[in-house]
Amino acid sequence: MRQQNRMSRGAVAIALFALAGVVGGGAAGCVGSAASPGVTDDRREAMLPFPAVAENIIAAVRWVTNRHPIEGPYALNLPASLTEAECQEIVRRMKDPNARLLTEESKSLPILHIESVRIVGDMATVQVHRPITPAGGPAPAGEGAVTQALEVQLRGGVQPWRVTAVRPWMLGAQVPPRLKILGVAPVPPPRPSYESSN
């Protein structure tokens, strides 16, 4: 009898767990999901819906620039997975007169790097690298500036995305991503050579 009760309680627990997964999965399906192991950041971001990616980037950048102001114009180095049109849309929706797309003309400005965006259900993480401003001086400009990585955690989905926590890294502890300069055609990889070694 005890064994039967244990089995029935176990069945109820499994059913409740499965129901929670269905409900959670249904709610999370509209904002994104985790990618399979081994999938690169670029491919993972490309699999996420652009509106959620854009909203998280905008919320994270606003938080960072409010807490760590950059005097004057700055350029945004956005994730490599985004198209040029999507990058333009993000900067337009930010409504920040100092925010610029990263181009050949703006790459000498202070650069705020957005390395990656991860969204699972109603939780997201945006990795941001901010230029470090010396005491009493302007923000360092260009690609070689010292940066600090910030892991910005957000909640949202059905509700507007909002920052819930930020994990700062030591200065220079993480290297910012490569520059995604817009308006420049990517250099094609070299063609393989089929010449005989004889």
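Glu104 is partly exposed, with a relative accessible area of 40% (buried means under 20%, exposed over 50%, and partly exposed in between, using a 1.4 Å probe and protein chains only). The structure you are looking at is a predicted model, in which local features need pLDDT of at least 70 and side-chain atom pairs count only at pLDDT 80 or more, while totals for chains, interfaces and linings use all residues. Residues are numbered from 1 along each chain as its sequence is written, and side-chain values use heavy atoms, with hydrogens and water left out.

Let's stay with Glu104 for a moment. Its side chain meets that of Lys107 in a salt bridge, at 2.9 Å from N to O (a salt bridge is a side-chain nitrogen of Lys or Arg within 4 Å of a carboxyl oxygen of Asp or Glu). Lys107 is also partly exposed, at 33% relative accessible area. Why do such pairs form? Side chains of opposite charge can pair when their charged atoms come close.

Now step back to the overall plan. The protein has four helices and six strands (DSSP runs numbered from the N terminus: helices are H or I with at least four residues, strands E with at least two). Along the sequence, they follow the pattern α-α-α-β-α-β-β-β-β-β. The protein has 198 residues, and 34% of them count as buried. Of the contacts between residues at least 6 apart in sequence, 64% join residues at least 24 apart (contact means heavy atoms within 4.5 Å).

Next, find two of the helices, α3 (residues 50-67) and α4 (residues 84-94). Their axes come within 10 Å and cross at roughly 45° (axes are lines fitted to C-alpha atoms, for helices over the stretch in contact, with angles from 0 to 180 degrees between N-to-C directions). That angle makes α3 oblique to α4 (under 35 degrees is roughly parallel, over 145 roughly antiparallel, 65 to 115 roughly perpendicular, and the rest oblique). Where they meet, α3 contributes residues including Phe50, Ile57 and Val61, and α4 contributes residues including Glu89, Ile90 and Met94.

Glu89 has another partner as well: its side chain forms a salt bridge with that of Arg92, at 2.8 Å from N to O. Both residues lie in helix α4, three residues apart, about one turn of the helix. Glu89 counts as partly exposed because its relative accessibility is 25%, whereas Arg92, at 53%, counts as exposed. Lys95 is exposed, at 73% relative accessibility, and has a phi near 55°, a positive value in a residue other than glycine.

The structure holds three salt bridges, and one of them joins Arg155 to Asp122, with the closest N and O atoms 2.8 Å apart. Arg155 lies in strand β5 (residues 147-155) and Asp122 in the loop between β3 (111-120) and β4, so the pair ties together parts that are 33 residues apart in sequence. Arg155 is partly exposed at 33%, and Asp122 is partly exposed at 32%.

Finally, look at Arg130 in strand β4 (residues 123-131). Is Arg130 buried or exposed? Arg130 is buried yet has no salt bridge, and the nearest side chain of opposite charge, Glu71, is 12 Å away (Lys and Arg count as positive, Asp and Glu as negative; His and the chain ends are not counted). Leaving aside residues up to four places away in sequence, Arg130 touches Val64, His68, Leu112, Val146, Thr147, Gln148 and Leu150.
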